[in-house]
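Have the viewer open as you read.

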Amino acid sequence: MVDTLGLILAVMVTPASTGDRDAAQDLLLQAARRHHRLRRVWADSGYTGMLVGWCATALNLMLTVIRRSDDHKGFVVLPKRWIVERTFAWLTRSRRTTSGCPRRRRR
């Protein structure tokens, strides 16, 4: 979870058997506890359903789901969705956060 600048607010690592929607409640709860000024959250269409109502009642957060229009074909930039993708790009460009190990110099 990132803010509008792309700075990380909360992170959760789950097993592959756990869906994003299932883990979202725990992640949102963690973020709301740490960031008291948090009022609005944007999410993609994978987070529809009861999560919107739960955010409003349990956390006093407005969860806005950004949906892709069926009218467009191919790639379309959706509002606010590019922010988290940019953060992922920043993380993977940093050699310390990638899975590969740096080569050691031989002496």
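Among contacts in the protein chain between residues at least 6 apart in sequence, what percentage join residues at least 24 apart? The figure is 40%, with contact meaning heavy atoms within 4.5 Å.

## Ground rules

This is a predicted model, where local features need pLDDT of at least 70 and side-chain atom pairs count only at pLDDT 80 or more, while totals for chains, interfaces and linings use all residues. Residues are numbered from 1 along each chain as its sequence is written, and side-chain values use heavy atoms, with hydrogens and water left out.

## Overall layout

The protein chain has three helices and two strands, arranged along the sequence as α-β-α-β-α. Both kinds of element are DSSP runs numbered from the N terminus: helices are H or I with at least four residues, strands are E with at least two.

Of the chain's 107 residues, 21% count as buried, meaning under 20% relative accessible area, against over 50% for exposed and in between for partly exposed (1.4 Å probe, protein chains only). The accessible surface is about 9000 Å² (Shrake-Rupley, 1.4 Å probe; for residues, only the protein chains shown count as cover). Carbon and sulfur atoms own 52% of that surface.

## The core

A nonpolar core here is a set of buried Ala, Val, Leu, Ile, Met, Phe, Trp, Tyr and Cys residues joined through side-chain atoms within 4.5 Å. The largest one has 14 residues, and Leu 28, Val 41, Leu 51, Cys 55, Leu 61 and Leu 63 have the most contacts inside it. H1, strand E1 (40-44) and H2 each give two or more residues, with the largest share, five, coming from H1.

Take Val 41: leaving aside residues up to four places away in sequence, Val 41 touches Met 1, Leu 28, Leu 61, Met 62, Leu 63 and Thr 64.

## Helix H2

H2 spans residues 50-59, and its buried residues are Leu 51, Cys 55 and Leu 59. Down the axis they fall within an arc of 45° (directions from the helix axis to the C-beta atoms), so they line one face of H2. An α-helix has 3.6 residues a turn, so residues three or four places apart point the same way.

The cover over these buried residues includes H1 and strand E2 (62-66). Exposed Met 50 and Thr 57 sit on the face turned away from the buried side. Just after H2, Asn 60 has a positive phi of about 60°.
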